[in-house]
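These are my notebook entries on one chain, written down in the order in which I looked things up.

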Amino acid sequence: MSIDVKNVSFSYDPGTSLERLALQNVNLSIDRGEFILIGGEIGSGKSTLIRHFNGLLRPSSGSVSVDGVEAHVKSIRKKVGILFQFPQNQLFARSVYEDVAFGPANFGEKGDELRKRVTKALKMVGVREELYEHSPFTLSGGEMRLVAIAGVLAIRPDYLVLDEPLSGLDPEHRESLLEILKSLHMQGISVIVVSHLIADLLPLADKIILMKKGKISFEGSPEEYVKSTSTPLPEITSLMKELKQKGFDVRDDIFDVEEALNEIIRVKKERSGSMQ
Ligand SMILES: Nc1ncnc2c1ncn2[C@@H]1O[C@H](COP(=O)(O)OP(=O)(O)OP(=O)(O)O)[C@@H](O)[C@H]1O
């Protein structure tokens, strides 16, 4: 079970003077259950790539399939849920509840099953019950994003794709969204996140993909990412590398703040032990 991107190229406005090649011979396989982080420069093709995962865009050449079925088949929208970059634009209904119900209702759910899906999705993202009947447009930016995520989750996708879900969130909402993504991943859902905030997401990821000018410029595990000399490093990894250069015997392949702290404490203890 996987999303398979084979030799995909894509151009916007083909055959016109505005033609722009946004993806070039991209090959990629995302297994069911993986947490994938997609990074890269502005305009490198990240959003274009993920729009191929549920057939919103069709490749100019090459193919995309989901669990063996071509991605543009309509039923794939149920398997691959996408949260776009400005999720508040995905909200439209009179109430939070109706907004979240729209997707599953559209796929034929009704009655008790529909109610169950909506309340479960809203609970998963931590939206308080008293907000269910509120207009989504009266919510804060962070709450709007959670409602939009609930709307995608209520469809019960096997693959959840989020485009820059952390940007513009305050630290508290950011932290709680990271926890939500972690728990969805633990429940077996594939989580595919496009983000420039690599450092925040690195500890959750199984695989990192970097895009550059419509091509994949790096693909590997978080460990390979921090060891590579061609990738931008999280601040905490840079700090560990600097400590190592200054002669401290610390590991410099760490990207998790807590782990780095434990490593520094370990080295500090060893040093004070050897000085006694
Ligand atoms: N609707 C569109 N029409 C024409 N060109 C587009 C369209 N959307 C994107 N492009 C162009 O395609 C290329 C890839 O854009 P894309 O949005 O996929 O990149 P991105 O890596 O997601 O960028 P960002 O970080 O800004 O979201 C860019 O050159 C962009 O200008």
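I take helices (H or I, at least four residues) and strands (E, at least two) as DSSP runs, numbered from the N terminus. With that convention I find His173 in helix 6, which covers residues 171-186.

Conventions. I am working on a predicted model, where local features need pLDDT of at least 70 and side-chain atom pairs count only at pLDDT 80 or more, while totals for chains, interfaces and linings use all residues. Residues are numbered from 1 along each chain as its sequence is written, and side-chain values use heavy atoms, with hydrogens and water left out.

Entry 1, the whole chain. I count 10 helices and 10 strands in the secondary structure, and the C-alpha trace spans about 70 × 50 × 35 Å along its principal axes. I call a residue buried under 20% relative accessible area, exposed over 50% and partly exposed in between (1.4 Å probe, protein chains only); of the 276 residues in the chain, 47% are buried. For contacts I use heavy atoms within 4.5 Å, and among the contacts with a separation of 6 or more, 60% come from residues 24 or more positions apart. The accessible surface, from the Shrake-Rupley method with a 1.4 Å probe, comes to about 14,300 Å², and carbon and sulfur atoms hold 51% of that surface.

I count Lys and Arg as positive and Asp and Glu as negative, leaving out His and the chain ends, and I place each charge at NZ of Lys, CZ of Arg, CG of Asp or CD of Glu. The chain then has 35 positive and 39 negative charges, whose mean positions are 3 Å apart.

The bounds come from an automatic or database domain assignment, which divides the chain into domain 1 (2-222) and domain 2 (234-275). Taken over C-alpha atoms, the centres of domain 1 and domain 2 are separated by 35 Å.

Is His173 buried or partly exposed? I note it as partly exposed, because its relative accessibility is 22%. Leaving aside neighbours within four places in sequence, I find His173 in contact with Ser140, Gly142, Glu143 and Leu146. I also checked Ile50, which lies 123 residues from His173 in sequence and 24 Å away in space, C-alpha to C-alpha.

I pair rings of Phe, Tyr and Trp (its six-membered ring) if their centres lie within 6.5 Å, and I call planes under 30 degrees apart stacked, over 60 edge-to-face and the rest tilted. The search of the whole structure gives 4 aromatic pairs. One of them joins Phe92 and Phe102 edge-to-face, at 4.9 Å centre to centre and with 90° between the planes. Phe92 sits in the loop between strand 6 (80-83) and helix 3 (96-106), whereas Phe102 is in helix 3, 10 residues apart. Phe102 counts as partly exposed because its relative accessibility is 42%. Phe218 and Tyr225 form another edge-to-face pair, at 5.7 Å centre to centre with 85° between the planes, and both Phe218 and Tyr225 are buried.

Which residues of helix 3 are buried? I list Val96, Asp99, Val100, Ala101, Gly103 and Pro104, and these buried residues pack against helix 4 (111-124) and helix 5 (141-153). Just after helix 3, I see that Gly108 takes a positive phi of about 100°.

Most residues other than glycine have a negative phi. Asp67, although not a glycine, has a positive phi of about 45°; Asp67 lies in the loop between strand 4 (61-66) and strand 5 (69-70), and I record Asp67 as buried because its relative accessible area is 17%. Arg156 also has a positive phi, near 55°, in the loop between helix 5 and strand 7 (159-163), but Arg156 is partly exposed, with a relative accessible area of 38%.

Ser2 is placed in strand 1 (residues 2-12) and counts as buried at 12% relative accessibility. Ser65 lies in strand 4 and is buried, with a relative accessible area of 17%. With neighbours within four places in sequence left aside, Ser65 is in contact with Ser2, Ile3, Asp4, Glu70 and Ala71.
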